[in-house]
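Please open the model in your viewer and keep the selection tool at hand. This tour moves from one selection to the next and says what is found at each stop.

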Amino acid sequence: MTLSTPLKTLTAAVLGAMAFSAQAAEYEWTFQTSETAGEPQFEMKKQWAENVETMSDGRISIEILPVGAVVQANQTLQAVRSGILQGHLTDPSYFSGQNPAFGMMGNLVGAWSDPYNFLDYMNNGGGEAIYDKLAEQYGVHLIGAAATGLESLPSTRPIKSVEDLQGLKLRTPEGMVSNVFEKAGATPVNLPGSEVYTSLEKGVIDAADYTVFATNQAQGLHEFANYPSYPGFHSLPMVAVSLNKEIWDGLPEDLKAILTTSVDAMAYKMVGELKTRDLQAVREARQDPDITIVDLPAEERAKFRAIAKKEWSQWADKNEITQEFYKSVVSYLENQNLLQAEDSASAKASEKAADKS
């Protein structure tokens with residue numbers, strides 16, 4: 001059958017449009033995350049990549065891979081620098097072994113009781129500039145910082161006081177988190193997040209510094225660790241959304257602006273959605289007679305924070321970046337009355353407890 005001229009023209013136009021669509025992306029990148037596939041945070045990060053593609057009108061295409069898909073969680077920094085990956089969305093604490101500043105900035109244990117305060121510090125208090133100064137030494141540029149929320153602490157035994165941490169075999173990432181819990185009496189065990197479930201199930205660990213309450217609940221951790229601490233008192237890890245520095249430097253300004261804006265939007269959306277999920281999961285858990293949610297008393301939170309604050313000052317002496325970050329974040333917390341407000345509330349709780357005794 002011979003096609004008419006108009007039909008030939010239409011066919012050529014359709015095929016041409018299809019070819020253009022297939023080749024439209026000017027930049028095709030692979031980012032690895034620190035979550036397993038299916039976790040809420042992983043799905044939110046995939047949505048971020050889709051939003052970037054939409055906002056850039058198809059000029060940027062990003063594939064999001066789960067933890068361990070290309071390299072181990074603590075190897076993505078080198079992988080992004082070398083071009084094996086183009087970027088990552090991860091907790092910088094995994095890179096504490098390369099520079100202690102990553103551990104300190106990735107999770108300043110005990111500092112934050114509200115993720116919105118953390119995001120404000122990173123965006124408006126100088127945090128992102130300090131982190132980027134660190135990351136760019138390793139060939140990586142920080143597009144922007146995000147956060148999950150205060151992490152819960154699933155445990156096989158109730159943690160009602162700092163003393164209850166004594167001898168607790170606790171999964172932690174390397175760095176400051178591990179050090180603070182060790183100073184508080186726990187026995188840190190360095191395990192990847194993908195091994196938390198089986199390690200709790202088999203009794204390799206007693207508790208886990210892992211992620212937010214809703215995700216712990218959804219993954220079945222409370223089946224074995226049925227004394228979760230909530231609200232969290234220890235970890236609020238940063239999510240560093242970073243790109244290979246050479247790639248970043250070569251991007252046009254409009255795409256840089258799109259990427260920065262998209263990360264800011266994801267950061268606030270992630271905090272809000274995870275908070276909603278947490279509240280729903282807590283309501284459900286309280287209906288389960290086998291799960292007991294433990295809220296660490298204010299006076300015990302004060303004790304834990306005192307241990308953490310001492311560790312902050314010790315880490316500040318490790319190098320110039322840790323010193324700069326320490327001064328910056330403490331200044332922010334003091335200016336926002338966050339240190340004084342929490343310490344005052346904890347002191348009042350301690351006085352009240354002493355009066356009762």
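Which helices each supply at least two residues of the lining of the second largest cavity? They are helix H4 (100-106) and helix H5 (115-124), where helices (H or I, at least four residues) and strands (E, at least two) are DSSP runs, numbered from the N terminus. Before you select them, note that this is a predicted model, in which local features need pLDDT of at least 70, side-chain atom pairs count only at pLDDT 80 or more, and totals for chains, interfaces and linings use all residues. Residues are numbered from 1 along each chain as its sequence is written, and side-chain values use heavy atoms, with hydrogens and water left out.

**First stop: the cavities**

Rolling a probe the size of a water molecule over the atoms shows where empty space is left. Here a cavity is a set of points, on a 1 Å grid over the protein atoms alone, where a 1.4 Å probe fits but cannot get out, and its lining residues have an atom within 4 Å of a point. Grid points are joined across faces, edges and corners, and a volume is the space filled by probe spheres set on the points. By this rule there are 3 cavities of 30 Å³ or more.

Select Met105, Gly106, Asn107, Leu108, Trp112, Phe118, Tyr121, Met122, Leu236 and Phe325, which line the second largest cavity, a space of about 40 Å³. H5 gives the largest share of this lining, with 3 residues. Sorted by class, the lining holds 8 nonpolar, 2 polar and no charged residues, where Ala, Val, Leu, Ile, Met, Phe, Trp, Tyr, Cys and Pro count as nonpolar, Asp, Glu, Lys and Arg as charged, and the others, Gly among them, as polar.

Now turn to the largest cavity, whose volume is about 280 Å³. Of the 21 residues that line the largest cavity, select Ser34, Glu35, Tyr94, Glu151 and Tyr210, the closest to its centre. Helix H2 (40-55) and strand E8 (238-244) are the elements that give two or more residues to this lining, and by class the lining of the largest cavity has 6 nonpolar, 8 polar and 7 charged residues.

**Second stop: the sheet that contains E8**

Select E8 together with its sheet, an open one of 5 strands in the order E2-E1-E3-E8-E4, with mixed pairing; two strands pair if DSSP finds at least two bridges between them. E2 and E4 are the edge strands, each pairing on one side only. E4 and E8 run antiparallel and are joined by 7 bridges; to see one, select Ala146, whose bridge partner in E8 is Val239. Strand E4 (residues 140-147) is mostly covered, as 8 of its 8 residues are buried, that is, under 20% relative accessible area, while exposed is over 50% and partly exposed in between (1.4 Å probe, protein chains only).

Another open sheet has 3 strands in the order E6-E5-E7, with parallel pairing. Its edge strands are strand E6 (187-190) and strand E7 (207-208). Strand E5 (residues 169-172) is joined to E7 by 2 bridges, and Arg171 has Ala208 in E7 as its bridge partner.

Select helix H12 (residues 298-316) and helix H13 (residues 320-335), whose axes come within 8 Å and cross at roughly 140 degrees. Axes are lines fitted to C-alpha atoms, for helices over the stretch in contact, and angles run from 0 to 180 degrees between N-to-C directions; contact means heavy atoms within 4.5 Å. Trp312, Ser313, Trp315 and Ala316 in H12 meet a group in H13 that includes Tyr326 and Leu333. The residues of this contact of H12 with H13 divide into 6 nonpolar, 3 polar and no charged.

Asp57 is in the loop between H2 and strand E2 (60-65), and its phi is near 55 degrees, a positive value in a residue other than glycine. Is Asp57 buried or exposed? Asp57 counts as exposed because its relative accessibility is 70%. Asn337, in the loop between H13 and helix H14 (338-356), has phi near 60 degrees, and at 42% relative accessibility Asn337 counts as partly exposed. Finally, select Tyr230 and Pro231, which are joined by a cis peptide bond with omega near -5 degrees; Pro231 lies in the loop between helix H9 (213-218) and E8.

Notes. 1 Å grid on protein atoms, 1.4 Å probe; cavity = no way out; pocket = protein on both sides within 12 Å on 5 of 7 lines; lining within 4 Å.
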